[in-house]
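The following note collects several points on local geometry and helix packing. Please read each point alongside the coordinates.

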Amino acid sequence: MVELEDQIAPETELDEDDVYILDRREVAAVLEAVEAGDRDQLLVLMEPMHAADIADLLEQINPNEREGLIRLYDKEFEGEILSELDENIREEVMAVLRPETLAEAVRDMESDDVVDLLEDLDEPQQEAILEVLEDADRVAVEQALSYPEFSAGRLMQRETVMAPEHWTVGDAIDYMRDAEELPEQFYHVILVDPRMRPVANVTLGKIMGAPRTTPLKNLSEEMFQVIPVTQDEGDVAYAFNQYHLISAPVVDEDDRLVGVITIDDAMGVLDEEHEEDILRLAGVGEESSLSDRVMETTRQRIPWLAVNLVTAILASLVIAQFEATIAQYVALAVLMPIVASMGGNAGTQSLTVAVRAIATKDLTSANVWRVIRREVLVGLVNGIVFAIIMGIVGVIWFGTPMLGVVIAAAMVINLVVAGLAGTGIPVLLEKIGIDPALASGAFVTTVTDVVGFFAFLALAGAVLL
């Protein structure tokens, strides 16, 4: 094993941006303890670490080091670490853990975390995990798995704290003190009517600050949002972000309380969706991860590289139509990549803004034409600015004023088209049911390349020859 600590000066200090990143010296010390088989030292080093940091550590080291660490740390492994792990290596970690350690870790997890864990496993592995759960927990998890994938039913936790709407603060406090088990984290007491339908939320802070005789309904929050159990988790996350929710009750088809979603789970969904959008825009696969192996990463990227090859060939076919023009005026071959590149960058800017706005529901049918008009005008203004610059460059570089005019005109045309395509294509794809983050990039790049080359070479053929 390479001695990482020898590569790091003792006086090295963490940059402000690295304050939450694992210290490389700590990682090196952990790996040294693993290599030496020193369990006592390993426990000393990892005891202060948060579960999320331990998960990061497991994700950053290689498979052999990971296996050695898990085997040495085994008995101390907690369920929270599993819930924090990247799903790409979670199964690998579970395979190394002893069955009794894995069972204990799973029993410590909240029901929503167990559901998240089981979703990525094969049926035999799911059964093995379900068997170690207590009967009540198993029923709750199986019920959650019966709901559609990516729905609120999969996201919610079954553990809730509820109270009849006629209770007082004193009733609620006595109930919580006498309860054998409460959720590890909760923010509200949910008020329900006699039919178990949620009617209001009361924060714990208001309960603790009010006299015992105060009716709970007098302390209820103004913003109360109920989530249907079949609602898409993306819409759930949007509701949390839009209405600044901390937690929200989940109801079945009869409006009865079946669970609760908390802000950490909703923000986790938002984070996943943002990550997926970024990966899709880059064409690297929505499940791409640093822990993926070479062949898996290659398989994810090949399809979009193939699409890019097809679009490049299409652009080349446009260029081929103007071979005679380029042969007579070689300067065109030097300048035409500039036009296409500027259009591609401008299109990507508009595309990124549009895809993000669609995801956050800021871009709708009510304002789509205003946004498209704005992007086209931005393209026009930017096109004029850079047209003037490139027109001057073209004149100075090649000494031909009309060449400057051609590239200036082509620049304006392509940047206007880039603004139109960058916004219009994602909107159109979204309307016909295709994920705009997944497919927009290839279409926008093709449009800006084809239009850029065609406008520049056609104008050159008409003006210069």
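1. Arg24 lies in helix α1; helices (H or I, at least four residues) and strands (E, at least two) are DSSP runs numbered from the N terminus. With a relative accessible area of 53%, Arg24 is exposed, where exposed means over 50% relative accessible area, buried under 20% and partly exposed in between (1.4 Å probe, protein chains only). Between Arg24 and Asn201 there are 45 Å in space, C-alpha to C-alpha, and the two are 177 residues apart in sequence.

2. On provenance, this is a predicted model in which local features need pLDDT of at least 70 and side-chain atom pairs count only at pLDDT 80 or more, while totals for chains, interfaces and linings use all residues. Residues are numbered from 1 along each chain as its sequence is written, and side-chain values use heavy atoms, with hydrogens and water left out.

3. Helix α3 (residues 51-60) has as its buried residues Ala51, Ile54, Ala55, Leu57 and Leu58. Viewed down the axis of α3, these buried residues fall within an arc of 160 degrees, so they line one face of the helix; the arc is that of the directions from the helix axis to the C-beta atoms. An α-helix has 3.6 residues a turn, so residues three or four places apart point the same way. The partners against which the buried residues of α3 pack are α1 (24-36), α2 (39-46), α4 (63-73), α5 (79-84) and α6 (87-96), contact meaning heavy atoms within 4.5 Å.

4. Phe150, in the loop between α10 (135-145) and α11 (152-155), has a phi near 65 degrees, a positive value in a residue other than glycine. Its relative accessibility is 47%, so Phe150 counts as partly exposed. Asp255 is not a glycine either, yet has a positive phi of about 65 degrees. Asp255 is placed in the loop between β5 (247-251) and β6 (257-262) and is partly exposed, at a relative accessible area of 44%.

5. How do helices α20 and α21 cross? The axes of α20 (residues 401-431) and α21 (residues 436-463) come within 8 Å and cross at roughly 155 degrees. The two helices are therefore roughly antiparallel to each other, a term for angles over 145 degrees. Their contact comprises 23 nonpolar, five polar and one charged residues, with Ala, Val, Leu, Ile, Met, Phe, Trp, Tyr, Cys and Pro counted as nonpolar, Asp, Glu, Lys and Arg as charged, and the others, Gly among them, as polar.

How values were computed
Axes fitted to C-alpha atoms, helices over the stretch in contact; angles between N-to-C directions. Parallel < 35°, antiparallel > 145°, perpendicular 65-115°, else oblique.
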